[in-house]
Amino acid sequence: VLNTYAPLHIEPTRLTLASMLKRKGYTAAAIGKWHLGYGTAPKADFTQELKPGPLELGFDYHFGVPSNHGDVSGVFVENRKVWG
């Protein structure tokens with residue numbers, strides 16, 4: 001499991017189940033604990049756009065937390081931005 005501030009762990013060019021389904025006309029959402037990091041910087045900056053992330057991996061919508069509820073970030077993420 002990656003730490004809360006880790007960069008995206010999966011290359012955006014890699015085929016994922018979500019990207020494969022998107023090619024076939026489906027839509028997909030990632031909701032809940034993400035655990036796969038955001039962005040490319042060594043430490044994710046939750047005051048900035050979080051890209052690349054789930055949307056670059058084929059998901060059409062994302063709402064979740066970076067790792068666990070109550071983690072050190074204390075944020076919820078909707079698509080590429082901190083929610084609220």
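This is a short walk through the structure, from its overall build to single residues.

The model is a predicted one. The protein has one helix and four strands. Read from the N terminus, the order of the elements is α-β-β-β-β. The radius of gyration is 12 Å, close to the 12 Å that the globule rule gives for 84 residues, so the protein is as compact as a globular protein of that length. The C-alpha trace spans about 40 × 25 × 20 Å along its principal axes.

Consider next how the chain packs. Of the 84 residues, 37% are buried. Take the contacts between residues at least 6 apart in sequence: 68% of them join residues at least 24 apart. The surface also has a figure.

Start at the helix. Helix 1 covers residues 17-23. M20 lies in helix 1. Its relative accessibility is 37%, so M20 counts as partly exposed. Together with L15 and L17, M20 makes a nonpolar surface patch of about 300 Å².

S19 also sits in helix 1. Is S19 buried or exposed? With a relative accessible area of 14%, S19 is buried, because buried means under 20%. The side chain of S19 reaches the backbone nitrogen of T16 at 2.8 Å. Beyond residues up to four places away in sequence, S19 touches R14, L57 and G58.

Now turn to the charged pairs. How many salt bridges does a search of the whole structure find? The count is three. One joins E11 and R14, with the closest N and O atoms 2.9 Å apart. E11 counts as partly exposed, at 39% relative accessibility.

Another salt bridge links the side chains of K22 and D60, at 2.7 Å from N to O. K22 belongs to helix 1, while D60 belongs to the loop between strand 1 and strand 2, so this pair ties together parts that are 38 residues apart in sequence. Both ends are partly exposed. K22 has a relative accessible area of 40%, and D60 has a relative accessibility of 34%.

E56 and R80 form a salt bridge too, their side chains meeting at 2.4 Å from N to O. E56 lies in the loop between strand 1 and strand 2, and R80 lies in the loop between strand 3 and strand 4, so the pair ties together parts that are 24 residues apart in sequence. R80 is partly exposed, with a relative accessible area of 25%.

L55 is found in the loop between strand 1 and strand 2. Its relative accessible area is 18%, so L55 is buried. Which residues does L55 contact, leaving aside neighbours within four places in sequence? They are D60, Y61, H62, N79 and R80.

Last comes the backbone. Most residues other than glycine have a negative phi, and most peptide bonds are trans. Several places here depart from that pattern.

The peptide bond from K51 to P52 is cis, with omega near 0 degrees. P52 is found in the loop between strand 1 (29-33) and strand 2 (61-65). H35 is in the loop between strand 1 and strand 2 as well. H35 is not a glycine, yet its phi is positive, at about 60 degrees. H35 is partly exposed, with a relative accessible area of 22%.

N79 has a positive phi of about 55 degrees, and N79 is not a glycine either. Where is N79 placed? N79 sits in the loop between strand 3 (77-78) and strand 4 (81-82). At 23% relative accessibility, N79 counts as partly exposed. N79 is also one of the residues in contact with L55.

Definitions and conventions. Residues numbered from 1 in each chain as written. Predicted model: local features only at pLDDT ≥ 70, side-chain atom pairs only at ≥ 80, totals over all residues. Heavy atoms only, no water. Patch = residues over 30% accessible without salt bridge, like charges linked within 9 Å, V, L, I, M, F, W, Y side chains within 5 Å. Areas by Shrake-Rupley, 256 points an atom, 1.4 Å probe, with all protein chains shown as cover. Salt bridge = Lys/Arg side-chain N within 4 Å of Asp/Glu carboxyl O. Helix = DSSP H or I, 4+ residues; strand = E, 2+ residues; numbered from the N terminus. Buried < 20%, exposed > 50% of the residue type's maximum accessible area, 1.4 Å probe, protein only. Polar contact = N/O pair within 3.5 Å; in protein donor to acceptor, adjacent residues only side chain to side chain. Contact = heavy atoms within 4.5 Å. Rg over C-alpha atoms; globule rule 2.2 N^0.38 Å.
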